[in-house]
Amino acid sequence: METWRLGPGPRKTLQAFLVLLLYAALAAAYCRPLASNFFTRYLGSADFSPSVWNLWHFRYSLDVLHANPLWNDFQYWPYGSNLILHHHIVFYDAVAYFLIPRLGLVGSYNFLCVLSMALAGLGVFLMARDWDAGPAAAFVAGAAFAFSPAEARFLESGCLDCISIQTLPFFLWTFSRAVRGGRLLDAFWAALCLTWVWTFNYHFFLFCCLLIPAFHAWLHRPLRLDVLAREPFRGGRILARLLEAALAADAVWLALRLKSAGQRQFHGRGSAVELALYVAPYLLFWGLLAARLLLRRRLAVSWNGRAWRWPACRPYAATIGFWVLLNIPLIVMILELARGKGLASPQNPWRGGGNPTDLATLLLPNRFHPLWGEWIAAAYTRLFNPGTLLFSLGWGPLAVLAWLWRRPRDRWTSLWFFGFIFSLVLTMGSWLKVFGFHTYLPLPFYFLHLLPIFNSVQTTFNMGIFIVLFTALLLAAALTAMQERLPANRARWVAPAAFCLLAFEFAPRPFAMARVDEPPLLRRLADRPFAAVLPIPMGATFNGLSGQGMLGTHGIGPELQPLFRKPMVGGYLTRV
C-alpha cells in the first residue's frame, strides 16, 4: 500500500499556516479581555480614532459617495484634505472593505490587530528557521517579538500603524537573504518588503533604510577605525593636568546649575540665551573629557577599497534600486505635494528636551505585568522622571543575550548583535538620558535628524521595536546553541522552558477596551440632509497635533464620525 507524503514545499507551507494559527490564538489570549468584547469595544484607549476612521472612510467613500478614498471632505471642512501623506494603511483599508459587512467596524479593527501580531510572530519564525534554528526555538523567538512589552505599549496606545510590526521581520529576512546569497531575486523581494513597510509606517521605513548602509558598513568595513596610543609630547602632562582641573571646575558648575534650576533636563522653555546657558556645562564637560582622552589615544582611519567594489555593494544597491523602480510614481507624487504645499519645510533643529527614552528603562521589568507593572511604573515616575515612556526588553531575553555574548559567534549572529547595538543607540534619541538624568551627551540621532528626510521624526521611542526584533533573533540563536550543547533528553526541554519563562514575564494585565458612546444629538444629526459640526468649547483642531474638541461631555473626534456621517470644521488627521 502506497503511503502519501507531503513534499518539502507543501510541508513548509502547512507548518507556517499552523504556526500562524497558534500565534493568532496566543494573540487572542494575550489581548484579554478582547475575546469577550470583540464586536463591541476597540482594543486600545487613546489614539485608536484615526485608525478606525481610516477603515470607515475608505469604504464609505467607495460604496456610498463613489469618491476618491484618498481625498477627505469629512474633516477640515469646507476645504478637505489630501490623505496621501496621512497615516493611511491602504492594505488594511482594502482588507477592511470586505471585513466590515461581516465583522462590523469594531470587529474589523480588532481582527487586524490580532492578525498583525500573528504575522509578526510568523515573520520571525520563518527567518529563524531559515537561519537553521529548530521549530521550537524559532517559535519561541517569534513569540518574544510579537508579544513583547513594546508591542503591549503599542496596543495600549491603539495606533494601528505602530501595532503593525509584522512588516519588519519580513523585510529583514528578505534583505539578509540578499546579503547572504547575493541573488537579485532576493534583493527584489527585499525591495518589495521595504515598500510594504513604507505603506504601513513611515518611521519604521526610515529605520529600515538606515539598516541597509549600516549592514554594509559592519560586514564589509569600508572604513576601518583603530584606536592607537599617542606618543608622549612636550607639555602633554601639563596640558592633561589643566584639562583635569577644568573638568573638576565644570563639574562644580554643573552641580550648581542643577541645584539652582531644580530640574535634570531642559523642557524647551525660555529664551535662546537661557537654553544655551543651561546646556553649556553639559557640553563643556563632554568636550573637555574628549580632549583629555585624545591626549592619550588617537584615531586612525584606513580605507578598504574592496568594500566599494560592485560584488560587495550589489545586494545593497540592488535593494534600493528595485525599491525606487517599484515606487517612482508615488515618490514623484509625494515630492510634488510636499514642494507645492510646504509640507517638507524643516522643523526646528533643536532637540533639547522631551526625549522620552531612558537607557535605564530597558533594564526594568515589564511595566504591563499584572503583579509588578503598576508598582514599577509608579516607582520610576516618582523617583526619576515623569516624562519618560517606560520600555523594557525583559530580564529573561537579556540574560540569554549575556550568555550568548561570551560564546563563539558566526558572521550572522554577530550581525544580529550589531543590529541590537545600532537600534539601541538610535532609540536613545538625540541626547543620552539615564535614570531620568539628561546628560546631554550628543548621540548620532541628533545629527541624523538635521537631514531633510529625517527632520519630521520628533522622537525615536517607537524605534525600540527594532531592538526587540534583533533580541528575538539572538534568542533563537541562543536557544539553538543551548540545545546543541546539551544531551538530547535535556535539549528538548530548552525551548519549552524558555517559552514558559517568557509567558510569565511578558504576560500583561488586561488591556483597556474603548467603547464609543453614541450621543443622541449626533444620532439626530445623522438624519439631517446637510450639516457640519464645529466642536466646542475648545473649537476646531486645525493642526492635527492637539486633541479633539469637546461638545458637552462627549469628545467629538473621528471615531464618532461613522455615527453622524457629517463633515467637521477642523479635524484630527496625523501627518508625516
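Histidine 66 lies in the loop between α2 and β2. Helices (H or I, at least four residues) and strands (E, at least two) are DSSP runs, numbered from the N terminus. The model is predicted, so local features need pLDDT of at least 70, side-chain atom pairs count only at pLDDT 80 or more, and totals for chains, interfaces and linings use all residues. Residues are numbered from 1 along each chain as its sequence is written, and side-chain values use heavy atoms, with hydrogens and water left out.

Most residues other than glycine have a negative phi, and most peptide bonds are trans. Histidine 66 has a positive phi, near 55°. Its relative accessibility is 65%, so histidine 66 counts as exposed. Here, exposed means over 50% relative accessible area, buried under 20%, and partly exposed in between (1.4 Å probe, protein chains only). Tyrosine 440 also has a positive phi, of about 55°, and is not a glycine. Tyrosine 440 sits in strand β7 (residues 437-442). At 0% relative accessibility, tyrosine 440 counts as buried.

Two cis peptide bonds were assigned in loops. One runs from arginine 32 to proline 33, with omega near 5°. Proline 33 is in the loop between α1 (8-30) and β1 (42-43). Another cis bond runs from tryptophan 77 to proline 78, with omega near 10°. Proline 78 belongs to the loop between β2 (71-72) and β3 (81-82).

Histidine 57 is part of helix α2 (residues 48-65). Its relative accessibility is 1%, so histidine 57 counts as buried. The side chain of histidine 57 reaches the backbone oxygen of tryptophan 71 at 3.5 Å. A polar contact is a pair of N or O atoms within 3.5 Å; within protein, one must be able to donate a hydrogen and the other to accept it, and residues adjacent in sequence count only if both atoms are side-chain atoms. Leaving aside neighbours within four places in sequence, histidine 57 is in contact with Pro69, Trp71, Asn72, Phe74 and Leu83. Contact means heavy atoms within 4.5 Å.

Proline 149 is located in helix α5 (residues 149-157). At 4% relative accessibility, proline 149 counts as buried. Residues up to four places away in sequence aside, proline 149 touches Asn366, Phe368, Ser392 and Phe506. The C-alpha atoms of proline 149 and proline 508 are separated by 8.0 Å, although these residues are 359 residues apart along the chain.

Phe506 also takes part in a helix pair, in which Trp395, Gly396 and Pro397 of α15 meet Leu501, Leu502, Glu505 and Phe506 of α20. By class, this contact of α15 with α20 has 5 nonpolar, 1 polar and 1 charged residues. Ala, Val, Leu, Ile, Met, Phe, Trp, Tyr, Cys and Pro count as nonpolar, Asp, Glu, Lys and Arg as charged, and the others, Gly among them, as polar. The axes of α15 (residues 395-405) and α20 (residues 494-506) come within 9 Å and cross at roughly 135°. That makes α15 oblique to α20. Axes are lines fitted to C-alpha atoms, for helices over the stretch in contact, with angles running from 0 to 180 degrees between N-to-C directions. Angles under 35 degrees count as roughly parallel, over 145 as roughly antiparallel, 65 to 115 as roughly perpendicular and the rest as oblique.

Over the chain, the secondary structure comes to 22 helices and 10 strands. Of the 576 residues, 49% are buried.
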